[in-house]
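Please keep the sequence and the model in view while reading.

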Amino acid sequence: MASEKMIKALNEQLFKELHSEYFYISMEAYFSSQNLDGFANFFNVQAQEEKAHAYKIFNYIHRIGGKVELQAIPQPKINFESPQEVIQLALEHEKFITKSIHDILALAIDERDYTTSAFLQWYINEQAEEEESMDKILNKIKILKGDPAGMLMLDAELAKRVFVPIPAE
Ligand SMILES: [Fe+2]
Ligand SMILES: [Fe+2]
């Protein structure tokens with residue numbers, strides 16, 4: 001059985017995933033306003049993924065007999081300077097989430113809560129992928145240095161991303 005401290009930590013992570021969803025919707029809005037529909041699509045899918053991450057934790061808390069306690073989601077950043085700034089912020093955000101997941105795993109191991117440790121393993125892998133994909137886009141943008149033709153090609157590439165449902169808990 002997970003400790004009260006662990007249930008609290010999982011609820012905090014549930015909040016962070018929902019906040020991530022909100023943050024990425026804000027980024028989607030920025031790209032839509034710039035007519036970069038492929039980038040907007042990428043962040044639409046990213047937001048859907050964050051909601052799925054949240055629901056996986058939501059279901060896990062229930063499965064182990066805990067109580068889901070939602071909290072208010074603060075307004076995300078709504079003004080952005082450039083596509084590069086957005087991707088840079090998204091990468092930094094993913095690194096922040098990775099650290100957060102690592103902290104909960106450390107708590108789980110400390111408490112010999114091996115069930116939650118196993119549950120968190122999926123997130124460990126997911127975060128590595130999230131950082132990698134964001135880092136790749138950032139590198140491409142840096143190479144392009146605002147070249148319009150190149151940016152439109154990247155936009156077309158990002159338009160292809162589709163949401164793939166994640167395994168439910
Ligand atoms: Fe997430
Ligand atoms: Fe994420």
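Predicted model: local features only at pLDDT ≥ 70, side-chain atom pairs only at ≥ 80, totals over all residues.

In sequence, the donor residues of the iron ion (ligand 1) follow the spacing E-x32-E-x2-H. Donors are N, O and S atoms within 2.8 Å of the metal (3.2 Å for Na, K and Ca), and sites may look incomplete because water is not among the atoms. The coordinating groups are Glu17 (OE), Glu50 (OE) and His53 (ND1), at 2.1 Å. The iron ion (ligand 2) lies 3.3 Å from the iron ion (ligand 1), and glutamate 50 coordinates both. Glutamate 17 belongs to helix α1 (residues 4-33) and glutamate 50 to helix α2, so the pair ties together parts that are 33 residues apart in sequence.

Residues are numbered from 1 along each chain as its sequence is written, chains are lettered from A and ligands numbered from 1 in the order in which they are written, and side-chain values use heavy atoms, with hydrogens and water left out.

Helices are DSSP runs (H or I, at least four residues), as strands are (E, at least two), numbered from the N terminus. Helix α2 (residues 37-63) packs against helix α4 (residues 114-144) at an angle of about 170 degrees, their axes being 12 Å apart. That makes α2 roughly antiparallel to α4 (an angle over 145 degrees).

Notes
Axes fitted to C-alpha atoms, helices over the stretch in contact; angles between N-to-C directions. Parallel < 35°, antiparallel > 145°, perpendicular 65-115°, else oblique.
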